[in-house]
Amino acid sequence: MSTTLRFFRFASPAAFYPLAGKLVPWFAAIAAILAATALYLGMLRAPTDATQGDAYRIIFIHVPAAWMSMLLYVVMAFWAAIGWAFNARLASIVARAIAPTGAMFTFLALWTGALWGKPTWGTWWVWDARLTSELILLFLYAGYIALVSAIDDTRRADRAGALLAIVGSVNVPIIYFSVIWWNTLHQGASVSVTAAPKMASVMLLAMLLMTLAFWAYAFAVIFVRTRAIALERDNHAAWATDAVARAPVRQGASS
Amino acid sequence: MNWNSAADFFAMGGYGTYVWGSYAVTLACMAVEPVLVVLRHQRARRELGGAPR
């Protein structure tokens, strides 16, 4: 078997279904361990901030949630585009599976931001560029979900959703650079690849571990949703009935 | 360790409402979503005549 063939082996729902099932418990375990470590460091070990007091501790979920909201959108648009361009069914399924999780992280970024803004800025919400573009991201996720579920023809819905996702991806760099391009109440980046981080190392470590935890969580949840959508779509296919019939009943397993 | 007592920890220097309000909603979302996707997967399996697993 050539390398190319092996590489594309998992591009079919039939091959991906059991693989994802094996990976889910691992991602879930990694997420739990990393989140527990991040919470220990962030809530118990990290010192109180000199200017913001303990309100700053919201950063350990706010920044990871905001990063995930943008990352998941890019990944969703990427797989939607692949699904459209190459007529790859699994890619379109993955794109749809990402959307609800991305929308949830966007909501969490906005929610934790509001609860952080009130004590530090004196307001829950302000129409500054960072906050407004993040809100638009939530609407893009919602629009994508509404659009793909409104069209009955599955593959047409995938293509329409892909178009929306691709066009909407212009918003991601706008969110990221908004604090540079405009005068915003929202602060600039505390962490960047080109400069030393502007925070204590234990705080940075807690934030990065929580980001990895959210990332592993996203993999676990998205893989389960991908498996569910694959079965729903292929409910007349032999692989689906085989996959369901072959697996023994295991108590307590959640995959 | 920064905290002298559990009450101190929960007070979060007076910012308890904001900090715990953030963490509680995040925890709730990240606890409910996995349950929803697992239920959806089990429903799909049952409709194919298989065990929910």
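**Ground rules.** I note that this is a predicted model, in which local features need pLDDT of at least 70 and side-chain atom pairs count only at pLDDT 80 or more, while totals for chains, interfaces and linings use all residues. Residues are numbered from 1 along each chain as its sequence is written, and chains are lettered from A and ligands numbered from 1 in the order in which they are written.

A35(A) and M210(A) are 175 residues apart in sequence, yet their C-alpha atoms are 5.5 Å apart in space.

**Chain A as a whole.** I counted 9 helices and 0 strands in chain A, and along its principal axes the C-alpha trace spans about 60 × 40 × 35 Å. Of its 255 residues, 40% count as buried. I also looked at contacts in chain A between residues at least 6 apart in sequence, and 77% of these join residues at least 24 apart.

**Two helix pairs in chain A.** Two packed helices are described by the angle between their axes and the distance between the axes. I took α2(A), residues 13-45, with α8(A), and read an angle of about 155° with the axes 7 Å apart (axes are lines fitted to C-alpha atoms, for helices over the stretch in contact, and angles run from 0 to 180 degrees between N-to-C directions). That angle makes α2(A) roughly antiparallel to α8(A); the scheme calls angles under 35 degrees roughly parallel, over 145 roughly antiparallel, 65 to 115 roughly perpendicular and the rest oblique. The crossing of α2(A) and α8(A) is left-handed, a term for a near helix turned anticlockwise from the far one by less than a right angle, with clockwise being right-handed. The residues of this contact divide into 27 nonpolar, 4 polar and 2 charged (Ala, Val, Leu, Ile, Met, Phe, Trp, Tyr, Cys and Pro count as nonpolar, Asp, Glu, Lys and Arg as charged, and the others, Gly among them, as polar).

I then turned to α4(A) and α5(A), the latter covering residues 129-150, which pack at an angle of about 150° with their axes 9 Å apart. That makes α4(A) roughly antiparallel to α5(A), and α4(A) passes α5(A) in a left-handed crossing. Among the residues that meet, I noted A99(A), A103(A) and F107(A) from α4(A), and L138(A), Y141(A) and I145(A) from α5(A).

**Where the chains touch.** How many residues does each chain bring to the contact? I found 36 residues from chain A and 29 residues from chain B. On the side of chain A, the elements that give two or more residues are α4 (89-121), α8 (201-233) and α9 (238-246), and α4(A) gives the most, with 9 residues. By class, this side of chain A has 22 nonpolar, 7 polar and 7 charged residues.

**Chain B.** I counted 2 helices and 0 strands in chain B, whose C-alpha atoms fill a box of roughly 55 × 20 × 15 Å along the principal axes. Buried residues make up 25% of its 53 residues. Q42(B) is found in helix α2 of chain B, and Q42(B) and A11(B), 31 residues apart in sequence, are 41 Å apart in space from C-alpha to C-alpha.

N87(A) has a positive phi of about 50° although it is not a glycine; I placed N87(A) in the loop between α3 (59-85) and α4 of chain A, and it is exposed, with 12 other C-beta atoms within 10 Å. M12(B) likewise has a positive phi of about 50° without being a glycine, and is found in the loop between α1 (6-11) and α2 (16-47) of chain B. M12(B) counts as buried, with 21 C-beta neighbours inside 10 Å.

How values were computed:
Contact = placed C-beta atoms within 7 Å. Helix = DSSP H or I, 4+ residues; strand = E, 2+ residues; numbered from the N terminus. Buried ≥ 20, exposed ≤ 12 C-beta atoms within 10 Å, placed from the backbone.
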